[in-house]
Amino acid sequence: MRGEMEDSGFRAIEFDGHRLRLIDQRLLPATEYWLEIPDAEAAARAIRDLVVRGAPAIGITAAYAAVLAARECRGDSGAWNDALDRLERARPTAVNLSWAIARMRRCAEGPGGVDPDALLEEARRIHAEDIEANRAMAQAGAGMLGDSVGVLTHCNTGSLATGGIGTALGVIAEGWRRGRISRVYADETRPWLQGSRLTAWELARLEIPFRVIVEGAAASLMAAGAVDWVITGADRITANGDVANKIGTCMLAVLARHFGVRMMVVAPSSTVDPNLPSGASIDIEERDPAEIWRAAGIEKVPAGFDSYNPVFDVTPGHLVDCIVTEQGVHSPPYRFTVPGAA
Ligand code: MRU
């Protein structure tokens with residue numbers, strides 16, 4: 001065992017009751033700059049522009065932004081609901097955003113209406129529940145690993161992407177603490193480089209040795225037997241266990257199955273969308289093609305160059321060996337149901 005559970009205590013979202021502050025993830029790892037978010041419109045922009053990203057983190061940010069909106073709207077529920085509509089449209093794929101906003105709307109349905117104090121309590125509950133879910137998933141996922149394993153992760157799923165220690169990265173931190181992991185590989189994650197900028201920054205803070213690889217290196221690493229588990233997060237998991245996550249995740253799952261490597265998806269139940277029967281109906285975000293050119297160091301795009309930038313893909317549930325939520329470890333065939341439904 002290596003010390004206490006590896007919760008660095010780092011929190012990427014701060015709300016002191018009045019001021020919302022986000023670490024600007026566009027600038028990491030070079031600069032640790034905290035951006036002050038004055039109102040709900042600025043929060044929607046911050047989510048859209050990836051100041052804050054990662055499914056649970058954007059849900060938590062939206063919940064706090066709903067509190068800011070309530071103060072701006074001074075009880076006008078029409079104006080408040082419009083502000084929440086704009087927040088919800090900031091990014092389409094991660095269900096945590098609409099899930100958190102739905103919770104805030106339900107909170108305002110009571111006799112108190114759009115009451116900033118009641119909404120603040122609800123936002124804090126959403127944040128605290130995510131921290132707790134992270135802890136539970138880290139324990140459950142680490143228990144699945146085996147001994148002296150090599151793990152490969154994709155995108156960023158740690159403290160920057162959640163309320164607490166993270167999802168997939170939380171499992172890796174706990175697996176490392178238990179002495180179960182001997183090698184950690186992090187995909188650079190093109191084009192936005194969540195792996196080489198953000199996961200690398202977090203692993204270094206946690207003092208967990210790691211190596212960043214280009215996505216294309218995954219097959220040869222698996223063929224060489226260096227990877228036992230692919231461990232990722234998720235942006236939306238449908239009733240049948242299909243998983244929308246950062247573009248490239250499906251490719252890893254296909255490779256993993258081919259090379260006999262296991263695939264673990266770690267996500268809180270706020271990421272599960274049992275209302276969608278399968279991944280076919282998930283809205284996959286496409287972002288500015290310029291992100292691809294920028295990642296290639298091309299600022300002035302030559303005439304005739306074209307690109308296509310879908311930023312998530314859908315991994316069929318049958319390629320996922322287990323899905324870890326705060327409720328435990330789920331195995332295929334997956335059947336997630338609406339809570340309370342018969
Ligand atoms: O575009 P991003 O950076 O928001 O994408 C994030 C991911 O795909 C993560 O894997 C997912 O949100 C899980 S984060 C705990």
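Apart from neighbours within four places in sequence, R53 is in contact with Q25, I58 and A161, where contact requires C-beta atoms, placed from the backbone, to lie within 7 Å. The model is predicted, and local features need pLDDT of at least 70, side-chain atom pairs count only at pLDDT 80 or more, and totals for chains, interfaces and linings use all residues. Numbering starts from 1 along each chain as its sequence is written.

R53 is placed in the loop between α1 (40-48) and α2 (55-73); helices (H or I, at least four residues) and strands (E, at least two) are DSSP runs, numbered from the N terminus. R53 counts as buried because 26 C-beta neighbours lie inside 10 Å. The cut-off for buried is 20 or more other C-beta atoms within 10 Å of the residue's own, with 12 or fewer for exposed and partly exposed in between. G54 is also in the loop between α1 and α2, and G54 counts as buried with 30 C-beta neighbours inside 10 Å. Leaving out neighbours within four places in sequence, the contacts of G54 are N156, T157, L160, A161 and T162.

Of the 18 residues around the ligand, R53, A55, A161, G233 and K246 come nearest; a residue is near if its C-beta atom, placed from the backbone, lies within 6 Å of the molecule. Two or more residues of this shell are given by each of α2 and β9 (243-246). By class, the shell holds 7 nonpolar, 8 polar and 3 charged residues, with Ala, Val, Leu, Ile, Met, Phe, Trp, Tyr, Cys and Pro taken as nonpolar, Asp, Glu, Lys and Arg as charged, and the others, Gly among them, as polar.

An open sheet of 7 strands with mixed pairing has the order β6-β5-β4-β7-β10-β13-β14; strands pair if DSSP finds at least two bridges between them. The edge strands, β6 (211-213) and β14 (328-330), each pair on one side only. Strands β4 (residues 149-153) and β5 (residues 181-187) run parallel and are joined by 5 bridges. Helix α7 (residues 194-205) packs on the sheet, touching β4, β5 and β6, with its direction at about 150 degrees to that of β5. Axes are lines fitted to C-alpha atoms, for helices over the stretch in contact, and angles run from 0 to 180 degrees between N-to-C directions. Helix α9 (residues 249-259) lies across β7 (229-232) and β10 (262-266), at about 160 degrees to β7.

How values were computed:
Contact = placed C-beta atoms within 7 Å.
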